Amino acid sequence: MLPHDKALGIITAKASSLTPEVLKATGVPASFERLVIAGLEDGPRFAAAFLTYSHDLDVGAVVKETLDAAVSLVNNHRNVGMLLFECSELPPYAAAVQRATSIPVFDFTSMVEFVVGSLIRQSFIGLD
């Protein structure tokens, strides 16, 4: 799905956790040049809710921090053609990020939906 002239943008909770060893274990070569990673560790409300567990979740603030990170990533790396949310806390924000960036956004829920959709086909009733 990703053209050869486009990069994959990854949004994660903590960018430093996606080490070359971790990426290699997922099948991504260390020399893969079409990969751009942004972490949310510097988002104060995201970090407080999901990294340090020091405050309750402020959904509005986390949406803004996630949008800011994604838009910044796409604006700073114009060749990003799709985003992958590596963090399991991010799927609720995927639609907002897709609206803001106009590129596909994938996460573990979209992958589950893909598998389930192929195992349990629904009758085709047209496209919306």
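Analyst: Two strands count as paired if DSSP finds at least two bridges between them. Strands (E, at least two residues) and helices (H or I, at least four) are DSSP runs, numbered from the N terminus. This is a predicted model, in which local features need pLDDT of at least 70, side-chain atom pairs count only at pLDDT 80 or more, and totals for chains, interfaces and linings use all residues. Residues are numbered from 1 along each chain as its sequence is written, and side-chain values use heavy atoms, with hydrogens and water left out.

Strand β1 (7–12) runs parallel to β3 (80–85), joined to it by five bridges. Five bridges also join β1 to β2, again in parallel. A7 has V80 as its bridge partner in β3. G9 stands opposite L83 of β3 and has V36 as its partner in β2. On β3, L83 is also bridged to V105 of β4; β4 (residues 105–106) runs parallel to β3, with two bridges between them.

In a regular strand the side chains alternate between the two faces of the sheet. Both faces of β1 are covered, with A7, G9 and I11 buried on one side and L8, I10 and T12 buried on the other. Buried here means under 20% relative accessible area, exposed over 50% and partly exposed in between (1.4 Å probe, protein chains only). Strand β3 is largely enclosed by the rest of the structure, because five of its six residues are buried.

The surroundings can be described through nonpolar cores, sets of buried Ala, Val, Leu, Ile, Met, Phe, Trp, Tyr and Cys residues joined through side-chain atoms within 4.5 Å. The largest core has 24 residues, of which I11, F46, V80, L83, F85 and L90 touch the most other members. β1, β2 (35–39), β3, α2, α3 and α4 (94–101) each give two or more residues to this core. The largest share, five residues, is that of α3. Another core, of eight residues, lies apart from it and includes L2, L8, L35 and M82.

V80 is in contact (heavy atoms within 4.5 Å) with A7, G9, V36, L73, V74 and I103, leaving aside neighbours within four places in sequence.

P44, R45, F46 and F50 of α2 meet A61, V62 and E65 of α3.
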